[in-house]
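Please look over the sequence and the structure before reading the points.

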Amino acid sequence: MENVICYKIEGFEGPLDLLLQLIARNKFNIYDIPLTELIDQYLEQIKLYSDDEMDLGSEFLEMASRLLYIKTVSLLPKHDEIVKLKEELEGELLEYMVCQQVAKKLSEMQTGFDKFIKPPCEYDFDQTYELVHTSDVMYLSYLAAVGRGKRKLPPSSAPFTKIVAKKIVAVSTKIVFVLRNLWGGRKKLTTLYKTAQSRSELVATFLAILELCKANRIMIDGESDDAEISLIKGHKNR
């Protein structure tokens with residue numbers, strides 16, 4: 001059994017452990033954490049380690065980038081994603097805190113018991129090949145061994161040509177397309193799809209309409225083929 005070497009950074013076993021110690025130090029309520037202040041302190045701690053030329057584990061840097069994203073999203077007005085991100089982080093912290101408590105209790109229970117460790121035994125295995133194979137099995141095995149060199153060659157590009165050659169239509173270009181078409185007034189929703197020449201263009205047009213609806217730039221009335229689309233009053237004059 002190989003020995004596993006574990007490294008710790010100034011007593012912190014991982015990013016969640018560091019976050020919990022910052023919460024305890026500032027006496028934050030773990031069910032209502034002031035994210036901005038906690039994120040700033042975590043990033044400041046990471047910067048101190050970097051300035052001391054210490055090699056940080058990838059999990060610490062990954063958590064730093066995650067917290068920066070959460071902080072960026074929290075600055076956006078009326079962004080529903082921040083609620084989900086905050087709940088995920090708080091849930092992980094609570095689970096980690098429970099694991100620490102259970103580990104502490106188990107370590108206390110372990111004291112007082114005798115320990116016995118048995119080293120692994122060494123065995124000498126008989127490596128004589130005793131199986132008997134027919135000639136057809138040997139022939140097929142030979143062909144498989146010869147074909148290994150061919151299987152290491154890179155795959156042919158022919159099957160991927162159709163996929164790579166397809167033109168990808170950007171959603172941003174279709175947003176401009178939809179706004180220009182609606183500048184003259186209300187139109188049938190289906191007319192926006194008739195000019196599409198590929199599936200990628202259809203998908204891009206559909207996503208552009210969703211983005212404009214989300215931004216309250218356009219309005220859709222009706223259902224199915226009778227649905228009509230128009231600019232919302234107020235955005236048209238901008």
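Two residues are in contact when heavy atoms lie within 4.5 Å. By that rule, residues 24 or more positions apart make up 56% of the contacts in the protein with a separation of 6 or more. The model is predicted, so local features need pLDDT of at least 70 and side-chain atom pairs pLDDT 80 or more, while totals for chains, interfaces and linings use all residues. Residues are numbered from 1 along each chain as its sequence is written, and side-chain values use heavy atoms, without hydrogens and water.

**Layout**
- The protein has 10 helices and 3 strands, taken as DSSP runs (helices H or I, at least four residues; strands E, at least two) numbered from the N terminus.
- Their order along the sequence is α-α-α-α-α-α-α-α-β-α-α-β-β.

**Burial and cores**
- Of the 238 residues, 23% are buried, meaning under 20% relative accessible area with a 1.4 Å probe, protein chains only.
- A nonpolar core is a set of buried Ala, Val, Leu, Ile, Met, Phe, Trp, Tyr and Cys residues joined through side-chain atoms within 4.5 Å.
- The largest such core has 24 residues, and Leu19, Tyr42, Leu67, Ile70, Leu89 and Leu93 touch the most other members.
- At least two residues of this core come from each of helix 1 (15-26), helix 2 (35-51), helix 3 (58-74) and helix 4 (81-110).
- A second, separate core of 10 residues includes Val178, Leu182, Leu212 and Ile229.

Key:
Buried < 20%, exposed > 50% of the residue type's maximum accessible area, 1.4 Å probe, protein only.
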